[in-house]
Amino acid sequence: MLSKFLIIGLVRVLTGVRARWVGAAPEKRQRIYFANHTSNLDAVVIWASLPSELRAITRPVAAHDYWTKGLTRPYLAKHVFNAVLIERKNVTVKNNPLTPMLAALDAGSSLIIFPEGGRMAGGEPAAFKSGIHHLAAKRPDVELVPVWIDNVNRVLPKGEFLPVPMLGSVTIGAPMKLAEGETKDGFLMRARAAMCTLGGVSA
Amino acid sequence: MNMDDDLMWMGAGVGGVLVIASIIGAILAKTAKTDQARATIANMNARTGAWWVMVIIFGGALAGGRTTTVVLFGLLSFLALREFITLTPTRRGDHRALFWAFFVITPAQYYFVGAEWYGMFSIFVPVWAFLFLPVRTAMAGDCDHFLERAAKTQWGLMACVYCLSYAPALLSLPIAGYAGENAKLLVFLVAITQMSDVLQYVWGKLFGRHKVAPLVSPSKTWEGLIGGVLTASALGAGLWWATPFTPWEAGAVSLAITIAGFCGGLVMSAIKRDRGVKDYGVLIEGHGGVMDRMDSLCFAAPVFFHILRYWWV
């Protein structure tokens, strides 16, 4: 509990971030928040910017290899963020990353995912990988909510381990679902466009 | 902190002004007719509400003593610098230098103010930080726009940290016959700069015609500037009893404070205009960011400090 407050406090001090809900009210319902990925702090910042009752049911999806290293990261992943850890390097049928995500959804949790699969290099987000489409198709009742996260990469650029304070922003858009008869590519394009619009970036 | 009668009267005066502003705001909110008027009044009332919070925090810190006051201004500098650097495009190569600026130089500057080490706090940022930071940036190896980036980090530290730290440093000035009463100088400085901002806004809204620098700030007019500066200086002269000054001296010093404050607002507006934003942040409701409220104080504090130190110490 204490470590949770400390982490949230630290994120506030560093980024001053408060979520701006422009397309949806912060309701307590099951959702998949999907965001652009610019920094290792992204998941933490989105998680910390949610109202506490939403934060309690929302689990960031994060890379297994990164969050199981050392002593601090596994502690934070397990006891603070309650992260859903997925394999991203040696994906087999056995450790299919979708399985733990679907299990978390079935247990009633909301998720925070980064559908680009990696951190974006330049200004524009990469094309979405198909994972988000699988989630939308397999759990059609869960709303998908686009999120744009800005300026957090300057707090902790790739390769740095000491953060600097920098005001960031988290913008939360309108919920969407997989439309009937929508193709996979069509859906991936539409979801990415919704996310890019929030950030004022051309899709 | 020595809670003498003068300080109590100053506190009561500030509270009285806020009570009157709150009552007027509540009446205007009921009587406003047009949407535009309602929006203006709502913003004004949000500002008054934020003023209550700021005055309570400032008063609490002052009542807590010199250390809590220094810590409060240190936190304000941290928040102001965070806003400033956010608006300034920096690169990967600046990261380590920025870490130093935030977590070493800023606390050190306020430590020297707290330790009353004038010889150090008055040169620490202009000399030591100035020499050290570009070295750290050069070591990172990225030479693109090097001079610009080094200058921006230094400028942010000078404005947000160094200049602002002169405000709590007032508490350490050894003025003959005024020992233990310096808190009133800080209240005087903050009250005059902030009243000057408010009065310039009011005079500008009522009579503003000729813009001082239309390309920098459309809301700064000669009528607002002259009216605000003169009324705030008159107010300062009327507060002579709380200061080591005669009424005429209090008026003249207030004039210097208010003009410096105006210049601070103008320069910070130019930076905002350059970056294409209206406010530095959203932390204080109705006002914008910390830097939007502190801009005039950044310029006025060192001017006031050095006037005092030269002629009264």
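**Notes on a two-chain predicted model**

1. Let's start in chain B, where helix α4 (residues 95-114) and helix α7 (residues 146-169) pack at an angle of about 20 degrees with axes 10 Å apart. Axes here are lines fitted to C-alpha atoms over the stretch in contact, and angles run from 0 to 180 degrees between N-to-C directions. Helices are DSSP runs of H or I of at least four residues, and strands are runs of E of at least two, numbered from the N terminus. α4(B) and α7(B) are therefore roughly parallel (angles under 35 degrees).

2. A word on the source: this is a predicted model, in which local features need pLDDT of at least 70, side-chain atom pairs count only at pLDDT 80 or more, and totals for chains, interfaces and linings use all residues. Residues are numbered from 1 along each chain as its sequence is written, while chains are lettered from A and ligands numbered from 1 in the order written.

3. Have a look at the residues where these helices meet: B:L98, B:I105 and B:Y110 are among those from α4(B), and B:L157, B:V161 and B:P168 are among those from α7(B). Contact means C-beta atoms, placed from the backbone, within 7 Å.

4. Two backbone spots deserve a glance. A:N151 has a positive phi of about 75 degrees without being a glycine, and lies in the loop between β6 (143-150) and β7 (169-172) of chain A. B:H145, also not a glycine, has a positive phi of about 50 degrees and sits in the loop between α6 (124-140) and α7 of chain B. Most residues other than glycine have a negative phi.

Terms used
Angles under 35 degrees count as roughly parallel, over 145 as roughly antiparallel, 65 to 115 as roughly perpendicular and the rest as oblique. Two residues are in contact if their C-beta atoms, placed from the backbone, lie within 7 Å.
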